[in-house]
Amino acid sequence: MIDFDNQTPLHIATDRLEQILHYLGGGDVELLCIDSQTMRAINQEYRDKDESTDVLSFPFAREVATIPLGTIVVCAEAIMRAAVEFGHSTDDEAALLFLHGLLHLQGYDHESDNGEQRAKEAEVVANFGLPQSLIVRAEK
């Protein structure tokens, strides 16, 4: 189940996000949609990067199975900008960001793994008919 807290005027449909969550094993996830100024502040505080970003993930310690996987934070302006840049809907972009963040909550790390997160993103992208994944876009 996704606990969605949208703090922006951007509408994001969560049906497909729930399907992606279920496809990847289910669980509970908190999803926050915030503006770029708030994202910049969070990125500065937790990653020491003084810039906004598109998605951040914060996994929870899961000593008990009923504890949520964690929190995924997405930036509304980044969603809108990428949707225009890559020629797809904001819902598609939100799904890509959610997928990327969810895989991080599940322990994937494209910065240090041997392509496992890239492969899993490609699988989900193909299964749900999504545009190119974030990792593929970043490689270009």
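The following legends describe close-up views of a predicted model.

**View 1. Packing of helix 1 against helix 4 in the predicted model****.** Helix 1 spans residues 15-23 and helix 4 spans residues 90-105. Their axes lie 10 Å apart and form an angle of about 25 degrees. The two helices are therefore roughly parallel to each other, as angles under 35 degrees are counted in this way. Their crossing is right-handed.

**View 2. Residues at the contact of helix 1 with helix 4****.** Helix 1 contributes Arg 16, Leu 17, Ile 20 and Leu 21. From helix 4 come Asp 91, Asp 92, Ala 94, Ala 95, Phe 98, Leu 99 and Leu 102. By residue class, this contact comprises eight nonpolar and three charged residues, with no polar ones.

**View 3. The aromatic pair of Tyr 23 and Phe 128****.** The model contains two aromatic pairs. In the pair shown here, Tyr 23 and Phe 128 are arranged edge-to-face, with 5.6 Å from centre to centre and 90 degrees between the planes. Tyr 23 belongs to helix 1 and Phe 128 to helix 5 (residues 116-128), so the pair ties together parts that are 105 residues apart in sequence. Tyr 23 has a relative accessibility of 34% and counts as partly exposed. Phe 128, at 17% relative accessibility, counts as buried, because the limit for that class is under 20%.

**View 4. The aromatic pair of Tyr 46 and Phe 58****.** The ring centres of Tyr 46 and Phe 58 are 5.1 Å apart, and the planes stand at 65 degrees to each other. This pair is also edge-to-face, since planes over 60 degrees apart fall into that class. Tyr 46 is located in helix 2 (residues 36-47), whereas Phe 58 is located in strand 3 (residues 55-59). The pair therefore ties together parts separated by 12 residues in sequence. Tyr 46 counts as exposed, with 52% relative accessibility, while Phe 58 counts as partly exposed, with 23%.

View 5. Asp 48 is situated in the loop between helix 2 and strand 3. Most residues other than glycine have a negative phi. Asp 48 is exposed, and its relative accessible area is 61%; the exposed class begins over 50%.

Key:
Residues numbered from 1 in each chain as written. Predicted model: local features only at pLDDT ≥ 70, side-chain atom pairs only at ≥ 80, totals over all residues. Heavy atoms only, no water. Axes fitted to C-alpha atoms, helices over the stretch in contact; angles between N-to-C directions. Helix = DSSP H or I, 4+ residues; strand = E, 2+ residues; numbered from the N terminus. Parallel < 35°, antiparallel > 145°, perpendicular 65-115°, else oblique. Left-handed = near helix turned anticlockwise from the far one by under 90°. Contact = heavy atoms within 4.5 Å. Nonpolar A, V, L, I, M, F, W, Y, C, P; charged D, E, K, R; others polar. Phe/Tyr/Trp six-rings, centres within 6.5 Å; stacked < 30°, edge-to-face > 60°. Buried < 20%, exposed > 50% of the residue type's maximum accessible area, 1.4 Å probe, protein only.
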